[in-house]
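Student: I have a model open and want to understand its inside. Can we go through it step by step?

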Amino acid sequence: MGRSSEEEHEVVIVGGGICGLATSLALHRKGIRSVVLERSETLRASGAGIAILANGWRALEQLGVASHLRQTALPIERSQDVGFGKVIPWVTGEARCLKRSDLIRTLADALPPGTIHLGCQIVSVKLDPSNSYPILQLLDGSSIVAKILIGCDGANSVVANFLELKPTKEFGLCSARGLTNYPNGHAFAHEVVRMRRNDILMGRAPIDDKSVYWFTALQLTREDHAKVSHCPELIRELILHSFDGFPAELVQLIEDSELESLSLTQLRYRAPWDLVLGKFRKGTVTVAGDAMHVMGPFLGQGGSAGLEDAIVLARCLSQKFARTVDNPFTNESKTMTRMMMHGVGEAMDQYLKERRMRVVLLSTQTYLIGSIVKPSSLLVKFACIIVMIVLFSNPTNHTRYDCGLL
């Protein structure tokens, strides 16, 4: 897209993924304009499918898109984790597995035209010394001035780097995901099943009557990941080679998967202790979604937690604006600028206060499960199991969380 050398926008959201689009939509519902900068030339939906649990559906209700999305996916009636010699349910309440493309498209279609700017890759952020507004430097040499900047740009977030957050860490596992289509329908029950064999976690869940989402976590060197991650045929070959001992129906599920749906990523996480201590705001800049709290997929809460962030952040910003000035974005006097900056800072602090312990607990539970799943000593696994029992006696309690009204 063509642009002048420097643009100005009231609210800029970096990242056109689930959290970025949801945050823009939540702000739109509250009457606050924003633009979403996405580095790709098209909206991306890598990862094939995504589980949305009960807390995520509460957030989607507030965004006004839940009813439409329910028509695209079957309800998950039960779940089981077959990995330690017994069946462990891990989902309660409403749960559905969505195609990521359906979720992304639905959120994008609900936004006003012109909100999403494609092909905008941010390379750095700095503060304007005259007014402390963030200035975004783009790869094409242009720049954008924002009064409010929200980083929803994932685990490798440029905005998180600006906030000087500690780097994310590798889990030591890779995640492969894909979709399998059955033109004549499949016979899988309306359930999520996860199975563990030889330090490999594999699961599957139906999306609708003809589509099944599958996912796996396995150990892979960085070199091997680099060799195969950009080639769907090699990804499928790698997974099949690793699946010795898994039931034939799961192996067949992968053999029949759609090549264009396959992805392979290194699992990363922001350590729970870094979430406790991290300073997630600088001036009128903050982060949400994976940029703030990327975690392993073991709870299925990454997407839902990002949706919660969107609701809470938009609510906090709109409440603070309502208590300060009628329209904080139109008056450019120095006094009004200071009032706006102070009000936005207070709103972001309230957002972080509401979200911090929620994401700390989610990340801790996910970290413990990941430490049990990945190859490690029996002593480490035993210690993680004990901590899980002490801290999370009800392992599905995380789905009961309600982020509140928009």
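Tutor: Start with a term: a nonpolar core is a set of buried Ala, Val, Leu, Ile, Met, Phe, Trp, Tyr and Cys residues joined through side-chain atoms within 4.5 Å. Keep in mind that this is a predicted model.

Student: Is helix H2 mostly covered or mostly uncovered, and how many of its residues are buried?

Tutor: Buried means under 20% relative accessible area. In H2, Ala54, Asn55, Gly56, Trp57, Ala59, Leu60 and Leu63 are buried. H2 spans residues 54-63 and is mostly covered, the buried count being 7 of its 10 residues.

Student: What is Leu63 in contact with, leaving aside its neighbours within four places in sequence?

Tutor: Leu63 is buried in H2. Leu63 is also one of the core residues that touch the most other members. Its contacts beyond those neighbours are Ala22, Leu25, Ala26, Arg29, Leu107, Leu307 and Ile311.

Student: Which helix gives the most to the lining of the second largest cavity?

Tutor: The structure holds 2 cavities of 30 Å³ or more. With 3 residues, the helix that gives the most is H12 (residues 334-373).

Student: How is the aromatic pair of Phe171 and Tyr269 classed?

Tutor: Both residues are among those that line the second largest cavity. Phe171 is in strand E11 and Tyr269 in strand E15, 98 residues apart. Their rings lie 4.7 Å centre to centre, with 45 degrees between the planes, and the pair is tilted.

Student: Why does Phe171 count as buried?

Tutor: The cut-off for buried is under 20% relative accessible area. Phe171 falls under this because its relative accessibility is 2%.

Student: Which residues form one aromatic cluster with Phe171 and Tyr269?

Tutor: The count of aromatic pairs comes to 8. Phe171 and Tyr269 belong to one cluster, and the other members are Trp273, Phe298 and Tyr367.

How values were computed. Residues are numbered from 1 along each chain as its sequence is written. This is a predicted model: local features need pLDDT of at least 70, side-chain atom pairs count only at pLDDT 80 or more; totals for chains, interfaces and linings use all residues. Side-chain values use heavy atoms; hydrogens and water are left out. On a 1 Å grid over the protein atoms alone, a cavity is a set of points where a 1.4 Å probe fits but cannot get out, and a pocket is an open set with protein on both sides within 12 Å along at least five of seven lines; lining residues have an atom within 4 Å of a point. Grid points are joined across faces, edges and corners, and a volume is the space filled by probe spheres set on the points. Helices (H or I, at least four residues) and strands (E, at least two) are DSSP runs, numbered from the N terminus. Buried means under 20% relative accessible area, exposed over 50%, partly exposed in between (1.4 Å probe, protein chains only). Contact means heavy atoms within 4.5 Å. Rings of Phe, Tyr and Trp (its six-membered ring) pair if their centres lie within 6.5 Å; planes under 30 degrees apart count as stacked, over 60 as edge-to-face and the rest as tilted.
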